[in-house]
Each structure stands twice: as structure tokens, then as C-alpha cells.
Amino acid sequence: MRRNEEGRTLEMTTTLNENAANQDTEIPGLRVQLAQDEPVRLDCGVNLKDITVAYQTYGQLNENKSNAVLICHALTGDQFVAETHPMTGKPGWWSELVGSGKTIDTERYFVICSNILSGCMGTTGPKDINPETGKAWGLNFPVTTVADMVRVQARLIDHLGIDQLFAVLGGSMGGMQVLEWAAKYSERVFAAVPIATAARHSAQNIAFHEVGRQAIMADPDWCGGDYPSQDKHPHRGLAVARMAAHITYLSQSALHRKFGRKLQERDAISYGFDADFQVESYLRHQGITFVDRFDANSYLYTTRAMDYFDLGGDYEGVLANAFRGTQTRFCVFSFTSDWLFPTEGNREIVHALNAVAANVSFAEIESDKGHDAFLLKEPEFFRVLGGFLEGAAELRGLPK
Amino acid sequence: MMIENQPKSIRIDLQIIADMIEPDTRVLDVGCGTGTLLDYLVHFKQVDGRGIELSTEGVNACVSNGLSVIQGDANIDLKDYPDQAFDYVVLSQTLQAMNAPREVLKQLLRIGRYAVVSFPNFAHWRVRTHLVFKGRMPVSETLPHQWYETPNIHFCTIKDFTVLCKEMGIAVERSLSLDHSGSVFRRIDMTPFLSNLFGEQAVFLLKG
């Protein structure tokens, strides 16, 4: 029994070290230096200068710059929406939805997606060098919010010379950014599509994030956040954080359908703590592959930004006031089996929009795939979203 | 001769509702189904149209067709809308399925300057004879459900509805009854008795 346990730990360590080799490879793609003259005033009060933004674009911006679609990625997403990911070799996270001839047709729209502030895929974040000290920021990086992410995105959109985005879309934390865009830059958003999200992070979700952060901070290799300068990586902690979070992205029925109580490459239970069950093996795999492409401090900062998100809080606690007078057309989506961002939270957004008589559509999509459904091929979701975009494009005068 | 953008034909009761609505206004269709009326109003009356629909299939059909519709329950969701947010609030063939029709009527006229309400008339002669001679709950083309599966929990007659409007201080701007074929309309205010007997459906334009 003891041997089994040790064996398991060893196996995980070996894989982690192999993965660590890829950590610092250069991430390809577009880069821009922003806030060189005018710093971005962050919610925490810090003025942040010289921000690098990593982004990808797909399709062509039309002559009057009216066909730009901004996609906002979720907690562990990145700018590689619709192309093979340079680090994982997997298809882009929304490549089912975005591409030539797809629902978000890159023949028609100019699609932009940038890595968020505090991210680890090229945009300025805690793993980058603080120009004032010459060392990695680590925990000296200012605590950023969803509003800060959007402030930086707005600078990118300025840089691209676009006044108004045709649409801003995103799921989960991406949906929070969509709401922030619609509230704070309403005249710059023709259509907004918040998906599987909430106007404020729930106590339950903050609790899950705290578990993840504690797992990272409990890893001795985290070194109080200073692991980059000590050439260490809190891979075990980050992997556990990912494993815990990953459960919240699925649903009980999806887990049951996929794994049930099936055993992993064995005929009987081992009376030990090896990954007897397929579901364990799957989660370990999720954890191990995640550390390959993600930075632990970035995970701390980004989960914190989600925790702090409470859009109504910026408007005397009345969410409807965030949207007063809006001309933006909204389409809100939720998924029936999503218990991380359940329908009720999405419906709260709809109620707030109704309260100001905004132009809003809302569809709850039947799916048993949990929160992850927004990333998967859900034909009904694609069909309804496609119809909404088509209607909006017609009004915006975008040719087919 | 066919010309482009010629209004397509819609069900006669929907056409009567559409005719009560001025162009270029703001309209909320409560229980909009798959969006037939809303689509007509948006395209041929140039209204700024919104809908609420309970069924997912209805909502998805509407939104994929470019209409602004939310999945919601009129019993619950109407209270969110601000006062006088719309020029017209339409409740077509849905009043009788509401938990609290009186409360819903109040909400319609709070949200809209006008409400357009249509419902099946439970005092239609066929319904009366069905009940009198067969002794069973009426089942017909307009009332297709058996009693145990009907969503219609609050049937009323044209007379009942007129009385309720009076009680609630609601002004009836226009009111029409339609007979079985849909080809004969009666002004309910001019012929209340005949309307209540021969009208299979009624359409009311109300002002709060």
C-alpha cells in the first residue's frame, strides 16, 4: 500500500518535470505595447505603464471598421481562439464556433481576442519582469480586476483604430468582461453576448477559488510567490487547483456518462491510492497538462479578479443602473446543467436589462455537459447565437 | 400582383391584433410562441419588438430568427419591466393560462400605454352546447386540450372579461369578437350579447 502511494507521487513528479521544460518557450502571435505615455489606472489605485498585450486576429477589418468582434476568454483560456494552440497542439478553444463559414464567420467578421491583463500567454502579468526591479513581478504585481482587464482591452481596440465593436462575446469570466464592456463602454458595443456567466461571483464560486489558491500556496515550491527567481514551479499545487476547478466545470451526469465507476487499466481495485478509477486518472491528466501552459501566480490573480467581480456594486448595488440608457443589443445564454454559473445568475442579468427596457434576448440551452457546455459543440447554442448575430448584423448594415 | 415586402398572411386573430398596433412603436409580446406576430410587427409595422416566451423551443426559434425574445414566465418576469416602457403589450391567447390573470392585466397596463389581449370565449355557443348536451368539458379546435392536460386554468367569457375591465377601471378602446370561421367580426361594445354567444375569440385594446 505504501509502495503504491510512493509510486504514484513519483510518477506525477516525473511527468511534471518533463512538462516544466516547455514552460518558458516563446509564445508566438501578435504583440503591442500599450500605456506607454498614459498609464492605465487600475481599480486598486496603481497606475500601470508599459503594458504588453498579446492578441490574435482572424479575418479582415472592413473599410468602415464596423465588423469587429471581440472575444473575451475565460479564466484559463487565451488568445488562441480559432487556431492550433502553439503550446498544446490542440485546436483553438472556440474553433468549433469561430472560423471561416462557422457561426462567427471570419470571412465576414474581424475577430479579435487578447490575453487578459494578469494572464500568462504574453500579456503583462505576474510572471513578467517588473521594469523597476528587473525581477519577475510575482506577488508585487498589482491585484487586477475584470474592469482592469477591460480597460486594457479598450486600449487595444483604440490601438486598432476601432470606435465601435460590432459584438463582444465571452463565456464565464469572458462573460463578466462582456458585461463590463456593455456597462462602461456601452456606446462602443453594438451587440453583447454574455454566456454562462454572472454579474457577480457567488460565495460558492469564491469558495472553490479559495481552495485552488490554497493548494498553490501550500506547495513549498510556490516560495511565497517568488518561485520564478528561485527557479522553481509550484506544479503540484497548481495541478491540484486545476483538478478541483475542473470538477466544477462538469456535471454529475457528464462525469457519470464519461467515467461511471470504471477502473483505469486494471481489472480490480488495488487497495491503494493509485488512480484506480478512470475519473481520477482523468483529473490527474487535467492537472498535469494544465501546469504545462499556465502560471501559478497568474492563476491566483485571475481567480481573485473573478472573486472581486460585482458589477452592481459599482452602481449602488442596483445592477440595472449599469445598463441605464443602453442602446446595445444583448443575447444572454445559460446551460441547464451548469451549476458553476447557473441559469439564475444569468437570469439576474436579464432582469436587470429588462428593468431598463434594454433590447435583450435570453436562451437557456438544454445540455448535460455542465459549465463546459459553452466551450463545446452545442448545435442549439450555435443556431440561436447565429440567428442573433445575423439579426444584429442586418441592423448594423453588415453585408452577408 | 406580388410585390416584395408584401405583408405575408398570418392567422386572422393575429392580424386583428396587428391592426390595432400603430407602426413605429415599442411592443412587448407576452407569450410570443415561435414569434409569428412579433416577426410580422417588426417587419411590416417597423415596431421595436420584444418577446417573452416560456418554452425553450419557442425562444430558440425566435432568437435564431433575429427577434429579441427572452425565456421567461409572464407570471414572474413582468414585474421587472419599468412603468410605461412600451407603447403596446400584447397578450395573445395566453391570459387564460396565467396564474393570476387580474394581476397580469395590471402589469400589462403598467408596462404599456396600451394592452392588446385576446382569449378564447368560454361562452361561445358551441362550448355552451358541448357542456349542456355532452356534459363534458369542451374540446374543440380553439380549445384542443383535455381538462387534465390543459394549460388553460382560468377560462373566462367575453362578458366576464368586460366586467373585470370595468371593475379594474380599465378603458376598453376597441373590442372585437370573431366567429368560428374568422370571417365575421362583431364590435363587442355594440353587440355584447351576440358577441358573447357567437364569438369564438375576442380581441381587446385596453388603456390603463
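This is a predicted model: local features need pLDDT of at least 70, side-chain atom pairs count only at pLDDT 80 or more; totals for chains, interfaces and linings use all residues.

Helix 4 itself runs through residues 203-218 of chain A, and the 22 Å from the first to the last C-alpha of its 16 residues is close to the 22 Å expected at 1.5 Å a residue.

Most residues other than glycine have a negative phi. A:C223, although it is not a glycine, has a positive phi of about 55°. Its surroundings place A:C223 in the partly exposed class, because 16 C-beta neighbours lie inside 10 Å, whereas the cut-off for a buried residue is 20 or more.

Chain A is divided into domain 1, made of residues 2-24 and 205-304, and domain 2, made of residues 30-201 and 306-396. The centres of domain 1 and domain 2 of chain A, taken over C-alpha atoms, are separated by 27 Å, and 24 residues of domain 1 are in contact with 30 residues of domain 2. On the side of domain 1 that touches domain 2, the elements giving two or more residues are helix 4, helix 5, helix 6 (252-258), helix 7 (278-293) and helix 8 of chain A. The largest share of that side, six residues, comes from helix 8 of chain A, and the residues of this side of domain 1 divide into seven nonpolar, twelve polar and five charged.

Taken as a whole, chain A contains ten helices and 14 strands. Its radius of gyration of 21 Å is close to the 21 Å that the globule rule gives for 400 residues, so chain A is as compact as a globular protein of that length. The C-alpha trace of chain A spans about 65 × 50 × 40 Å along its principal axes, and buried residues make up 48% of the 400 residues in the chain. Among the contacts in chain A between residues at least 6 apart in sequence, 72% join residues at least 24 apart.

Which elements of chain B give two or more residues to the side that touches chain A? The contact as a whole takes 17 residues from chain B and 24 residues from chain A, and on the side of chain B the elements in question are helix 3 (56-64) and strand 3 (68-71). Helix 3 of chain B supplies the largest share of that side, five residues, while the residues of the side divide into seven nonpolar, seven polar and three charged.

Within helix 3 of chain B, the residues B:V59, B:N60, B:A61, B:C62, B:V63 and B:S64 are buried. The buried residues of this helix pack against elements of both chains: strand 13 (329-335), strand 14 (359-365) and helix 10 (379-396) of chain A, together with helix 2 (36-44), strand 2 (48-53) and strand 3 of chain B. Helix 3 of chain B is followed by B:G66, whose phi is positive, near 90°.

Elsewhere in chain B, B:D13 lies in helix 1 (residues 12-20) and counts as buried, because it has 22 C-beta neighbours inside 10 Å. Not counting residues up to four places away in sequence, B:D13 touches B:S118, B:L178, B:Q201 and B:V203, and its C-alpha atom is separated by 7.6 Å from that of B:G182, 169 residues apart along the chain. In the loop between helix 1 and strand 1 (26-30) of chain B sits B:D24, a residue other than glycine with a positive phi near 55°. B:D24 is exposed, with 9 other C-beta atoms within 10 Å.

Terms used: Residues are numbered from 1 along each chain as its sequence is written. Chains are lettered from A and ligands numbered from 1 in the order in which they are written. Helices (H or I, at least four residues) and strands (E, at least two) are DSSP runs, numbered from the N terminus. The expected span of a helix is 1.5 Å times one less than its number of residues. Two residues are in contact if their C-beta atoms, placed from the backbone, lie within 7 Å. Ala, Val, Leu, Ile, Met, Phe, Trp, Tyr, Cys and Pro count as nonpolar, Asp, Glu, Lys and Arg as charged, and the others, Gly among them, as polar. A residue is buried if 20 or more other C-beta atoms lie within 10 Å of its own, exposed if 12 or fewer, and partly exposed in between; C-beta atoms are placed from the backbone. The radius of gyration is taken over C-alpha atoms; the globule rule is 2.2 Å times the number of residues to the power 0.38. Domain bounds come from an automatic or database domain assignment.
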